[in-house]
Each structure stands twice: as structure tokens, then as C-alpha cells.
Amino acid sequence: MSVKKKFKGLSDKAVGWLFIGPTVLLLLAINIYPLVYAIKMSFTNFYANKIGREPQFVGLKNYIKVLNKEAIWEKMQVTASFMFWTLLLQAIIGLGLALLLNRKFKGNELLTTLIVLPMMLSPAVVGVFWTYLYNPQVGLFNYVVNFFYDLGSFDMIGSSTLAPWAIVIVDTWMWTPFTMLICLAGLRSVPNYLYEAAEVDRASKWQQFIYITLPSVLPFLLLALLFRGIENFKMFDMVVELTSGGPGSATELASINLKREAFEKWKTGYSSAFAVILFVTIFGFGNVYVKVMNKIKER
Amino acid sequence: MKKIMILLFVSLFSFSVNSNAKSITLGWAAWDPANALQELTKEFTAETGIEVNFEFVPWPNFADRMLNELNNKGKTFDLLIGDSQWIGAGAVYGHYVKLNDFFDKEGISMSDFSPATVYAYSTWPKGSKNYYALPAMGDALAWAYRKDWFDRPELKSEFKKKHGYDLGVPANWNQLYDMCTFFQGREIDGQKRYGAAINTERGSEGITMGVTAAMYAWGMEYENPNKPYDMEGYFNSPQAVEAVEFYRKLYEDCAPPGHSDAYMVANLDAYKSGQVAFQMNWYAFWPGVSKEDSDGRVSGFFANPKQNVAAATLGGQGISVVKYSDKQDLALEYIKWFARPDVQQKWWDLGGYSCHNDVLNSPSFPTSTVYAQGFLDSMGIVKDFWQEPTFVELMLPMQEAIHDYVVNGKGTAKGALDKIIEEWVEVFEADGKL
């Protein structure tokens, strides 16, 4: 009653603004303002740790420097490779698990709960305990691998060939359940009559999968991969705990390098330019991806 | 109810007044000496009534946490025991209080402290008479070894037969390598053992502190002594290249499996668990290692071996008053107390490494512990990484390039050092030094 009284005389639009106002203000304060500030900083030679030194306008110098730096492209390549393999594996395994769990069998619920457990853990904790699992002397991972195929002593996080795979394996272990859950939601939304009609038309199980299951679940899978792609582009904590970006720079993702430039070297202007470039990259890819996804949905 | 509220308010108010007026906060790394300092400080509180709160940050986050605090002009800490390399930034950016007037007023003389520690922990510009810290904790990178294994007659004779000299404290890095490879993969008491746990950490400063122990011993200089910041031919001299190549050989042939991202704690763990014959680490840890010798383990300690010259990587810290503190007077009182010779002696007795001449020059000092002589030897030959205000910017490319070469096996030692110089030139140019 009192709320009604308060809002009496306010238009619907005004009430609407009243509701979304705090959120908009919060977004402006913690998202938009820092973004605009970072863009402004990216055109300066600002160092946040050099107290009293006024930042000077340097035009596009920081952007040119970032784009011409070979090391940056190496980090982007490491990031791209990490994203490609994690998304591919998570799509295949996640979809496979969803298909499995979509069937009714004894212990289905328990198995689902167990599979989902890794994604409930903190990435930093996951990074730390996988360093133990990967330990060449006492690690369970090495023991299991050697149990099936005797490779002898190998160091997953100390070898530049294996370390990139080490982070891919951990991320896949942790986040495949997420892809699985989204795919499972997709699978459960496919109406049964489609399969019944296919049965009548004597479609094989494979044909049912290709022509009914896959098209139905694809938009869900693409959505899951979009979320995972954005997350993995910014991946930081798990990899830092696991490899610190090493050996050398074999697993130094763009986000780890950005943190080092911004908050260890304190090259604020330069790292702002790098951050803007990363933002534009992910924003651009994200937009294209969403458009493609919508087209697939429309089919 | 009203009375209770008033009482509560009064007690809260008096607590906050009390805690603000008679307490200070000291920040340091979380490690054994910090616990010793906490113990020692109880006497300060008993004498002065000033409570000292401690915030100890684990080493991997120590620099990040403290430097962020200083850069943000934070008031969390009144006293900071900051790493030796921070002194440049502390002075130039005004984070630390200049202590000259205070020292003069209180009769604290820097000549009472070991010259190497005053130079390293207190002065900026280096070697000047501008003091921004009191030497608090002397330290250098050194080695511990399994003396009980070295004393076994069968191992001694086998080693002598193979190498033609006695198994014992290595006289140089070549001998260290011989001994490490001797133990690598050897079965002792039914367990497989390895040569040495050396610094290979990528994230903060680990591998740099380790590799420079070799580079200094080979005679590396950072720059032309007559032309500051001229590094070409000095930092990447043939000796420096040889040292880095040697360090990689040591890692490949002597480190235990999986020792690819290891620093202080990992080295201690490898040693304490009986995996390795040697560990590289800071003197700060030797009291703990010595005290924990058990199950037949007997530890010996020695200063960094020489190669072309005698040298060791400097560790340790000075204690500074934070400029942004509202309680500078109380913080200075702590420094005045800490500088007293009797307090310095207790500091050493509790496991801290005093830099005071009265302690170090005492006739009983060299024999006071098994590592005391090594500490004295080391403090006479220490060399430090750049102490420039931009030291983090200088450290990061070195960490990456050296780790890439030593652990990752990528490229050449010369290539790694050239790459570091390239990055350093950029840093010095941006800082207006070049």
C-alpha cells in the first residue's frame, strides 16, 4: 500500500528507471569508468608507481609498441592454442558425457554430481593440487600414465612440450562438466516425437543423432563454448598456480603477461593499451560468434 | 540498557584510542626469522609499552603486497623490513623516511654495522651517506649438504677413486658439479637420491637469485664500472655466458625430477625429505635446518663456492620507517631499540642474522653455530641485483629469459643474456638513465 502511494504519479518509464538506476550507476562506476580511464591512460606514458611524475600524451605509441612486440604475439599464440584445445576437448567430452547422462540408468544422479564436482572448486586450489598430481616422483598423474604405458620419468610442468598440455588437461578436467550441463539441458529439451517420427521413417541411430540430436543441441553447445572461450581468454589464476607461466614463457597467457606489465612492472600506459587491444579482440570475436550462433539457431 | 550501551561505547572508544596511540604494525616476509623477531619484540613491548602487530606475507606474494601498499601510500605498516632491492624505490619515490637526522640525534652510527650490509640495505644512492634503513637481517645465498652421507667411508673412497680428491665441501663449482652428479640417482639406505635442489622458480625472483650465484662466482659484472648502465660485454661477457651454461648443466644433471619451479620452500622440502645431497638456500633457513636434523641426518653448511672469484648472492633486508605512517615517532623508537648492541646479540641468539659489528666481531661468533663462519665469509663477498627504483622491471625479463634457457632448454645462454640487456636498456631509457 505504502509503495503504491510512493509511486503514485510516476510514469511506468520513471518507475523502470528507478529500478534499473542503481544497477546502471554501479555499472558506470565499476565497469564503464575504468574502461574509459584505461582508454585514456593507453595514450599516455603513465607509470602508476612513479609518484609525482605527470603522465604525458604519447598518441598511438603504446599501441604500436604492443603490436610490434614479438613477445606479445608469442603470448597471443600460447593463448590461442590453449583456447583451441580446451574448447575442442570440452566440446567433444562434454557432449559425450551429456549423451551418456541423458540415458536413464542406475546411479545417473550420483554420477552427474561427481562429474560436476571439479567446476565447484576454486581455480587457484585446482592449480595447486594439480602441481602435486603432476609431480614426477610422487604424482598420481604420472603413476597412472606409467601404469598403462611405461614412459619413465617425465615432468609435465617442467617441460616446454608438455606444460601447455598440462594446463589444457587441468582446464578440461575442471570445465568439461559445465559444457556437459548446458548440453544436457539442450538434450532434454528435444521433443520425443521427433525421435518417434524418425523411428517410423526407419532412420538409424546415427541418422537420428546427425539430423535431430546434433542440430538441437548445437546452439546450447555453442553458447557453452562462448562462455568458456571468454573465460579462457582471461584465464589467470589456475595457470599461475600451476606453472607461473613457465617453463620460461611456454604457458604465459596474454592475461598473465598483462598482469606482469601492469602490476609488477607498473607500465600503466603500455598495459592499458594492451588491455584495450585484448578487449577489442574478445569483443570482436564475441560479436562475430554470436552472429554465427544466431544464424545457426534460425536454421 | 542505556548504561550497557554507554559502557560498551566507552570501552570500544578506549580500546581504539589505546590501540592507535601505543601500537605499531611491522610488515615482513613470513619465514623463520620473522618468528624470531616476534619473540624478540616482546622485550620491546615490555620496556616501552608499545604493542607491535606483525603482518607476515608469504614470499611469493611479499613484493606484490608490500610494493602495492607503498605505491598506494598505504598506512597499514609503520615499519617495513623490505628487500634490499627496494631501497632505490623507497628513497626515490619517497616511501621510506630518511634516517640520517634520527641516527645523528640518537647516536646511532652506521660504522657500528658491517659495511657490506650498510651499503646493501641502507644507502641510496649506493655508497652514499643517505640512510633509509637500519641493517636488520644479514643474509646471503649459501649451501647445505648431507654431512652424514659425506662421512660414509664407502662413499668417500668411491668418490676419491673416481675423481681423485676428497668428498667434502666443494672448493669450486666444478667440484660441486662432480659431487652432485656422484649422488644423482644413487641409492642410499634403499632410497633413490639426487644431487642438488637449486633455485629454478619462475614467478618472483628465484631463478635469478640462483643463477647469479654462479654468474658472480664466474666474475660477471652488471655494468661497466666506469660507465654506468653500459652492460654490453659485462653482463653478457664470456664468463657470464659460461656461468649460465653451467647452471643449466647443474639443473639438467643434478636436480631431482620435477624441480622446475622451485625456490626456498621447495629446496627445503627436497632436502628435508632426504631427496638431495645439497640444497641452495638463504642463511636465514639454516637455524631451522640445523635444529631439525634428525633420523641420522647431519647437515653441513658452506658459503657459495668460488669459481673465478669468491662471491655470493646477497639476500637480507633493512628495517625502514614508512613515510605514510601516522606513528613515525613510535616506529623510530623501535629502530632505536633494535639498534642497541644487546638487542642485536639477542637477535642473533634467537636465530636472526645481526649485522652489528659487536656481534659479528665477537671472538665467540664464528663458533657460535655451525653456519656462523660461513655467514661471516659470505657477508664479505656479497653482490646484489640492481637496486634501482625500477628493479622489478629489471627482474622480470631476467626471470623469463633465464627460465626459458635453463629449465625450458630454449635458445642459448648468450641469446638469453642479450635479450635481457635489450629489455634492460628499454627500462633504463624509460627511466631517463640512458
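Helix H10 (residues 206-218) of chain B packs against H18(B) at an angle of about 70°, and their axes are 8 Å apart. Axes are lines fitted to C-alpha atoms, for helices over the stretch in contact, with angles from 0 to 180 degrees between N-to-C directions. H10(B) and H18(B) are therefore roughly perpendicular to each other; angles of 65 to 115 degrees count as such, under 35 as roughly parallel, over 145 as roughly antiparallel and the rest as oblique. Helices (H or I, at least four residues) are DSSP runs, numbered from the N terminus.

On the H10(B) side stand B:Ile207, B:Thr208 and B:Val211, which meet residues of H18(B) including B:Met395, B:Gln399 and B:His403. Six residues of this contact are nonpolar, three are polar and none is charged. Ala, Val, Leu, Ile, Met, Phe, Trp, Tyr, Cys and Pro count as nonpolar, Asp, Glu, Lys and Arg as charged, and the others, Gly among them, as polar.

This is a predicted model: local features need pLDDT of at least 70, side-chain atom pairs count only at pLDDT 80 or more, and totals for chains, interfaces and linings use all residues. Residues are numbered from 1 along each chain as its sequence is written, while chains are lettered from A and ligands numbered from 1 in the order in which they are written.

| Helix pair | Angle | Axis separation |
|---|---|---|
| H10(B) and H18(B) | about 70° | 8 Å |
| H2(A) and H13(A) | about 120° | 7 Å |

H2 (residues 12-41) and H13 (residues 268-298) belong to chain A. The angle makes H2(A) oblique to H13(A). From H2(A), the contact takes A:Ala38, A:Ile39 and A:Met41; the H13(A) residues include A:Thr268 and A:Val276. Five residues here are nonpolar, three polar and none charged.

Now the two chains together. In chain B, 20 residues are in contact with 22 residues of chain A. Contact means that C-beta atoms, placed from the backbone, lie within 7 Å. Helix H18 (residues 391-406) gives the most to the chain B side, with six residues. That side holds six nonpolar, eight polar and six charged residues.

Within chain B, the domain assignment gives domain 1 (20-139 + 315-375) and domain 2 (141-313 + 390-430). Such bounds come from an automatic or database assignment. The C-alpha centres of the two domains of chain B lie 28 Å apart. Across the boundary, 17 residues of domain 1 of chain B are in contact with 19 of domain 2 of chain B. On the domain 1 side, H3(B) supplies the largest share, three residues.

Notes:
Two residues are in contact if their C-beta atoms, placed from the backbone, lie within 7 Å. Helices (H or I, at least four residues) and strands (E, at least two) are DSSP runs, numbered from the N terminus.
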